[in-house]
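Here are some comments for a colleague who is reading this model. Please take them with the sequence and the structure open side by side.

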Amino acid sequence: SYWVDPSNDPEGSYRGRYWSPTVLIRGPIAVVWTPYEFWLNGEPHHCGVNALTLIKQDGAWKIANAAWTVEPDVCEVLRPENQDALRPVQ
């Protein structure tokens with residue numbers, strides 16, 4: 001509930017984008033692993049990797065678990081060469 005509570009949102013404007021997701025699905029369970037970048041107030045803040053576990057329940061995928069790294073100094077290494085790969089598109 002912490003992550004969906006609007007009172008816990010960071011101050012200022014923020015944007016997150018991801019690229020090159022690896023998705024594994026077997027029956028009602030899925031794993032998504034993807035690099036991401038996080039911008040705060042129009043400036044890159046950090047990059048990292050998201051790892052999500054999803055469960056299909058009543059025909060809809062729901063996030064069961066989320067883990068991520070916060071790596072301020074790896075954005076240049078992680079970002080894709082082709083900026084068209086970034087999602088969501090600006």
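1. In this predicted model, a nonpolar patch on the surface is formed by V23, I25 and W61, which together have about 290 Å² of accessible area.

2. The side chain of R17 is joined to the side chain of E37 by a polar contact of 2.7 Å.

3. N41, although not a glycine, has a positive phi of about 55 degrees; N41 sits in the loop that lies between strand 3 (29-40) and strand 4 (43-57), and at 48% relative accessibility N41 counts as partly exposed. D58 is likewise not a glycine and has a positive phi of about 55 degrees; D58 is found in the loop between strand 4 and strand 5 (60-68), where D58 counts as exposed at 78% relative accessibility.

4. The peptide bond that leads from R87 to P88 is cis, with an omega near -5 degrees, and P88 is located in the segment after helix 1 (75-78). As background to this point and the one before, most residues other than glycine have a negative phi, and most peptide bonds are trans.

Definitions and conventions
Residues numbered from 1 in each chain as written. Predicted model: local features only at pLDDT ≥ 70, side-chain atom pairs only at ≥ 80, totals over all residues. Heavy atoms only, no water. Polar contact = N/O pair within 3.5 Å; in protein donor to acceptor, adjacent residues only side chain to side chain. Patch = residues over 30% accessible without salt bridge, like charges linked within 9 Å, V, L, I, M, F, W, Y side chains within 5 Å. Areas by Shrake-Rupley, 256 points an atom, 1.4 Å probe, with all protein chains shown as cover. Salt bridge = Lys/Arg side-chain N within 4 Å of Asp/Glu carboxyl O. Helix = DSSP H or I, 4+ residues; strand = E, 2+ residues; numbered from the N terminus. Buried < 20%, exposed > 50% of the residue type's maximum accessible area, 1.4 Å probe, protein only.
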